Amino acid sequence: MSVLILHILYIVAITVESMTAAIAAGRRSMDWVGVCLLAAVTALGGGSVRDVLLGHYPLVWVEHPEYLLLTAAAALATIAFARFMHRLKRLFLLLDAVGLVVFTILGCNIAREMGLPPIIIIVAGMITGCAGGVIRDILCGEIPLLLRSELYASVSVLTGIIYLAGLQTALPHDIVTFAALTFGLTLRLLALRFNWHMPKFVYARD
Amino acid sequence: MSVLILHILYIVAITVESMTAAIAAGRRSMDWVGVCLLAAVTALGGGSVRDVLLGHYPLVWVEHPEYLLLTAAAALATIAFARFMHRLKRLFLLLDAVGLVVFTILGCNIAREMGLPPIIIIVAGMITGCAGGVIRDILCGEIPLLLRSELYASVSVLTGIIYLAGLQTALPHDIVTFAALTFGLTLRLLALRFNWHMPKFVYARD
Amino acid sequence: MSVLILHILYIVAITVESMTAAIAAGRRSMDWVGVCLLAAVTALGGGSVRDVLLGHYPLVWVEHPEYLLLTAAAALATIAFARFMHRLKRLFLLLDAVGLVVFTILGCNIAREMGLPPIIIIVAGMITGCAGGVIRDILCGEIPLLLRSELYASVSVLTGIIYLAGLQTALPHDIVTFAALTFGLTLRLLALRFNWHMPKFVYARD
């Protein structure tokens with residue numbers, strides 16, 4: 001059952017990532033093709049980086065080209081409805097947080113199925129959750145937000161740890177998945193609400 | 001026959017991409033090694049990204065290391081003859097357009113030989129044609145030109161669609177290849193001549 | 001015997017690369033997670049790029065997840081002892097040079113074991129030695145230092161050539177390894193000491 005729910009949430013997640021990437025593209029006045037490309041690379045980039053690093057072929061979008069079309073459609077819809085987007089800012093932050101934890105769990109599962117060790121499972125989850133946004137920021141000429149602020153990678157890592165720890169117990173897989181999703185989502189939303197940050201490392205010498 | 005012509009055009013294309021990358025390196029005062037590296041990454045990067053994403057090994061330049069030497073030689077020749085380069089600007093734009101469509105068709109063919117679905121064949125063509133320039137722009141600290149302006153990715157996608165549609169007909173493969181090349185090249189040159197652009201998505205809220 | 005020494009030097013090298021990446025992260029006020037991520041990507045990125053391009057799976061850190069922990073630990077130690085780092089600047093430059101030549105030799109060996117041609121062996125060494133720093137600079141929003149100045153890629157290429165040429169002789173493998181390491185390290189330190197540079201290509205037209 002959790003497989004179906006995860007799949008639906010995955011569709012929601014790549015749609016939302018496409019739309020936030022399209023907004024980022026609009027801030028830099030990219031053209032329509034650029035908007036679609038940035039959306040596709042952002043939404044599908046995290047899973048692609050994970051699969052390339054793990055040698056896990058074929059990549060998701062090569063096996064399911066319809067996801068490429070979905071990201072492009074979401075990007076074009078964003079262009080069409082851009083004037084209403086700012087009203088949905090809170091909804092987007094919520095759905096982006098859903099995307100982060102869903103990508104994380106799905107990334108962990110790929111590494112688990114490949115029989116990889118626990119650290120790599122957690123790293124695979126984090127790459128899936130975070131690498132798309134890093135690529136988006138680089139293509140936009142920005143230092144990746146991930147490296148500078150917010151509990152984002154940390155939420156992904158902690159979600160992976162909770163998920164993996166839960167699977168060591170006798171709890172049913174569905175319950176563990178649900179618990180990890182809830183934990184990660186709550187942590188991310190609390191971090192957004194209360195503006196939690198990791199401490200910064202400031203080195204100003206020479 | 002078209003295989004031989006495509007091969008010759010491929011050699012021309014990686015040479016030209018190397019030279020335009022070398023000019024971009026010269027604008028940023030890179031050193032000679034940097035010029036050669038940027039040339040090699042630009043000329044061979046599109047095919048490399050495609051092959052890595054599709055899991056298509058070995059990569060072209062690993063099987064044909066002479067292409068690496070060719071890109072470096074073209075970069076060094078550009079340094080030597082830099083003072084004459086600005087007179088050849090139109091020729092370069094023409095040959096760059098040839099490169100775009102040739103890379104596209106060759107990229108499509110790799111994906112076709114792997115038995116991949118039509119959307120992926122077209123995407124493989126576009127990645128082959130465009131990704132090298134994206135890597136060049138990122139290494140030069142620029143937002144990729146591809147995302148911002150010009151009919152470039154669009155020309156590649158349309159060339160791929162024409163090529164793939166042609167292969168569904170009873171026309172000989174050579175004729176289809178020639179028609180797709182001609183279509184793509186004409187469209188690109190018209191876009192350059194008449195300054196055609198995709199509409200931009202400008203999002204200036206918050 | 002040289003296998004053991006190379007292994008120890010490799011551990012030293014990824015530790016040092018992690019620490020210099022952490023300093024770069026501190027200059028941009030990244031948060032602690034960002035510091036650890038930048039360290040891991042810099043120290044293990046060169047080998048990862050090489051393995052992905054050559055299709056050499058599994059990647060080093062997937063097989064040895066302890067290296068990931070080592071890079072994160074080195075990054076955190078850098079944060080803790082940041083105030084003493086500037087006194088160790090010379091030591092860091094020395095160890096970074098050791099890292100460059102050790103990464104190069106190890107990268108050459110991977111390509112040799114895969115039976116690849118000489119040019120690719122040398123390129124594999126250079127990618128291993130240099131790509132991590134390129135990724136670090138891009139993530140920091142800088143044009144890669146590698147492209148702009150210093151004998152860095154050149155030292156790596158020359159070290160690879162010396163190493164490969166030595167293996168064609170009747171000399172024992174250990175001696176050849178030691179000679180190539182010494183040559184590369186000396187060349188790099190001389191370049192730092194006497195501020196040797198490659199000539200730059202400056203193109204200022206239009």
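Predicted model: local features only at pLDDT ≥ 70, side-chain atom pairs only at ≥ 80, totals over all residues.
The arrangement of the chains comes first. Two copies of a chain are related by a rotation about an axis and a shift along it. For chain A and chain C, the superposition requires a rotation of 120° with 0.0 Å of shift along the axis, and the RMSD is 0.0 Å. That is the relation of a three-fold axis. Chain C is placed on chain B by a rotation of 120°, again with 0.0 Å of shift and an RMSD of 0.0 Å. The copies use different surfaces here, for 10% of the contact residues of chain C recur in chain B.

The interface between chain A and chain C may be considered next. Only 10% of the interface residues of chain A are also interface residues in chain C, and therefore the copies meet through different surfaces. Chain A contributes 31 residues to this contact, and chain C contributes 33 residues. The size of an interface is often given as the accessible area lost when the parts come together. Between chain A and chain C, the buried area is about 2,700 Å², and carbon and sulfur atoms give 73% of this area. On the side of chain A, the three residues A:Leu147, A:Phe201 and A:Tyr203 supply 31% of the area buried against chain C, more than any other three residues.

The buried area is about 2,800 Å², with carbon and sulfur atoms giving 73%. In chain C, the residues that lose the most area to chain B are C:Leu147, C:Phe201 and C:Tyr203, which together account for 31% of what that side buries.

Within the chains, pairs of helices pack against each other. In chain A, helix H2 (residues 32–54) and helix H7 (residues 118–139) have axes that come within 7 Å and cross at roughly 140°. The crossing of H2(A) and H7(A) is right-handed. Among the residues of H2(A) that take part in the contact are A:Leu38, A:Val41, A:Gly45, A:Gly46 and A:Gly47, while those of H7(A) include A:Ile120, A:Ala124, A:Ile127, A:Gly132 and A:Gly133. The contact of H2(A) with H7(A) comprises 11 nonpolar, 7 polar and 2 charged residues.

A second pair is found in chain B, where the axes of helix H6 (residues 89–113) and helix H9 (residues 153–167) come within 9 Å and cross at roughly 50°. That angle makes H6(B) oblique to H9(B). The crossing of H6(B) and H9(B) is right-handed. In H6(B), the contact involves residues including B:Leu100, B:Val101, B:Ile105 and B:Arg112, and in H9(B) it involves residues including B:Val155, B:Gly160, B:Tyr163 and B:Leu167. By class, the contact of H6(B) with H9(B) has 8 nonpolar residues, 5 polar and 1 charged.

Some details of the backbone remain. A:Tyr57 and A:Pro58 are joined by a cis peptide bond, with omega about -5°. A:Pro58 lies in the loop between H2 and helix H3 (60–63) of chain A. In chain C, a cis peptide bond links C:Tyr57 to C:Pro58, and omega is about -5°. C:Pro58 is located in the loop between helix H2 (32–54) and helix H3 (60–63) of chain C. Finally, A:Asn195 is a residue other than glycine with a positive phi, near 55°. A:Asn195 belongs to the segment after helix H10 (173–193) of chain A.

Definitions and conventions
Residues numbered from 1 in each chain as written. Chains lettered and ligands numbered in written order. Heavy atoms only, no water. Least-squares fit on C-alpha atoms with pLDDT ≥ 70 in both. Contact = heavy atoms within 4.5 Å. Axes fitted to C-alpha atoms, helices over the stretch in contact; angles between N-to-C directions. Helix = DSSP H or I, 4+ residues; strand = E, 2+ residues; numbered from the N terminus. Parallel < 35°, antiparallel > 145°, perpendicular 65-115°, else oblique. Left-handed = near helix turned anticlockwise from the far one by under 90°. Nonpolar A, V, L, I, M, F, W, Y, C, P; charged D, E, K, R; others polar. Buried area = accessible area lost by both parts, 1.4 Å probe.
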